[in-house]
Amino acid sequence: MATWKEDTIKALEKLGGSAHLSKLLEEVSSLRNGKLNSHWQDTVREILYENTSDSKYGSGKYGSGEDIFYSVEGKGKGVWGLRSFQNLSLRNTLLKLGTEFQTERKRTITNPKKPSIPPGNKLAKWISREIPKIFNLIFKNELENYQVHASAGDGQWVSAPWIAILHPKVCLQPNGRISPQCGYYPVYAVSKNEKLIMFALGQGEYNVRLNFPKDVDHKLVDGAINLRKKIPEHKKFFSNVSKTVLENKNKKSERWAKSTAFGKIYKIKNLPSEDILKKDLIDMMKMYQISIERGGVSESVSQNISFDQDQLSTGYEKKIIKHINNENEIIQVDPKFIRQIKKNNNYTCQACGLNYERVYGEYSKKKDFIEAHHIEPKFKVKSKADLNKKMERKAEDFAILCANCHRMIHRMMRKENDRIISLNEFKEKINKKFKKNIEDL
């Protein structure tokens, strides 16, 4: 069994670094599974008093213990904290990352062509092991389903450190490893001269380079453009930082900056307050989630659907993974079901009444130009669906629309923050004279 000191430290860690003595005692009791003696509470108090410089019995005055704990609200208040958590903040983390890395890198390099990280280097370990813990403690709710990766290099020092927040599906490599080499994700990147930190929605290159080896730059820039278009809400919080120069005359850094969708630039010597930095991360996580729901870096692709005469009254949809950069979850619609809905509505727009054949003649035996619109947006259907599980869908879940009405209803929904607009509500928005002209054709 762990010692009382170890359990006291672990209890405070689980409580977020600090807690009132009453809560601390409850947590220690839980860790010990009720295996307590009659003096156990006094033992915990002694552990606290003997291992803090805030007490006359502690290491600061008598040297009877380590300076592990501190009095959070002053003596006599009963609130204890871990000394290692005392300066726990996003701002302090970014400041340390942005000011100590290059000095440590230069100090330890013996071969410039092979800048190896010395085994057990404290700063490198702090970056890769402690930074993810700090982020997960500060943003326990926001990062619950994500992974935080931070790196000083893999065996060799990188030119500048970074911190990335990865979605397990968006950043999944073909080998099953979650990695910043692929997908897209929020990331903090420190400039080599330690003047700036870019916080942005950036992209990994691995899968792009694998699939488009001769067109990497173009694909990354296109991906950034697609993200900006799909998430117009980002303009409330962030700006286009793709033209920011983090390092002069560095093509790799310039290419990475161009691949970012949006973000902010922080000056290391004048970092924003803790509250502002926290708000920026929370806002970025919201934009990241929206980007995933709307298909990520990929462009929307219209499907050509072939028709038959099957009679169906219900159908299904299924969420699948589209293996382009491993980031795009899409909804696979039962094609027979959609074909039948179109046929039942005589291939006529349910909103404005347009029938392509009456306008253009017999342009296609398949009559496949009319489109099916999800009354509830695909990204909302997708959030409810289980991977590769069928969801029953009914004709009432769709509207058969002409291309013009289909695009306009989506435009109206985006304008109102993706509010669902019913078919009847949309029909009321269409000019009555226009609908009358359609009827007269």
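This is a predicted model: local features need pLDDT of at least 70, side-chain atom pairs count only at pLDDT 80 or more; totals for chains, interfaces and linings use all residues.

User: Okay, how many residues are in the largest nonpolar core?

Analyst: The largest nonpolar core has 58 residues. Those with the most contacts inside it are I127, F135, I163, Y188, L281 and Y288.

User: And which helices and strands each supply at least two residues of this core?

Analyst: On the helix side, α4 (90-108), α5 (122-138), α8 and α9 (274-293) each supply at least two residues of this core. The strands that do so are β4, β5, β6 and β7 (196-203).

User: Which one gives the most to this core?

Analyst: That's α9, with 8 residues.

User: What is L281 in contact with, leaving aside its neighbours within four places in sequence?

Analyst: L281 is in contact with F135, F139, L143, I165, Y188 and F199.

User: Where do F337 and C349 belong, then?

Analyst: They're in another core, of 25 residues, that lies apart from the largest one. L401 and A403 are also among its residues.

User: Back to α9. What should its 20 residues span, and how far apart are its end C-alpha atoms?

Analyst: At 1.5 Å a residue, α9 should span 28 Å, and its end C-alpha atoms are 29 Å apart, which agrees.

User: Which of its residues are buried?

Analyst: The buried residues of α9 are E274, L277, D280, L281, D283, M284, M285, M287, Y288, I290, S291 and I292.

User: What follows α9?

Analyst: G295 follows α9, and its phi is positive, near 100°.

User: What's the lining like by class?

Analyst: That lining has 14 nonpolar, 10 polar and 7 charged residues. At least two lining residues come from each of β4 (147-151), β5 (162-166), β6 (184-190), α6 (206-211) and α8 (251-258).

User: And how many cavities of 30 Å³ or more are there?

Analyst: The structure holds 2 of them. About 40 Å³ of space lies in the largest cavity.

User: Which residues line the largest cavity?

Analyst: N346, Y347, N355, E357, Y363 and K367 line it. By class, they divide into 2 nonpolar, 2 polar and 2 charged.

Notes: Residues are numbered from 1 along each chain as its sequence is written. Side-chain values use heavy atoms; hydrogens and water are left out. On a 1 Å grid over the protein atoms alone, a cavity is a set of points where a 1.4 Å probe fits but cannot get out, and a pocket is an open set with protein on both sides within 12 Å along at least five of seven lines; lining residues have an atom within 4 Å of a point. Grid points are joined across faces, edges and corners, and a volume is the space filled by probe spheres set on the points. Ala, Val, Leu, Ile, Met, Phe, Trp, Tyr, Cys and Pro count as nonpolar, Asp, Glu, Lys and Arg as charged, and the others, Gly among them, as polar. Helices (H or I, at least four residues) and strands (E, at least two) are DSSP runs, numbered from the N terminus. A nonpolar core is a set of buried Ala, Val, Leu, Ile, Met, Phe, Trp, Tyr and Cys residues joined through side-chain atoms within 4.5 Å. Buried means under 20% relative accessible area, exposed over 50%, partly exposed in between (1.4 Å probe, protein chains only). Contact means heavy atoms within 4.5 Å. The expected span of a helix is 1.5 Å times one less than its number of residues.
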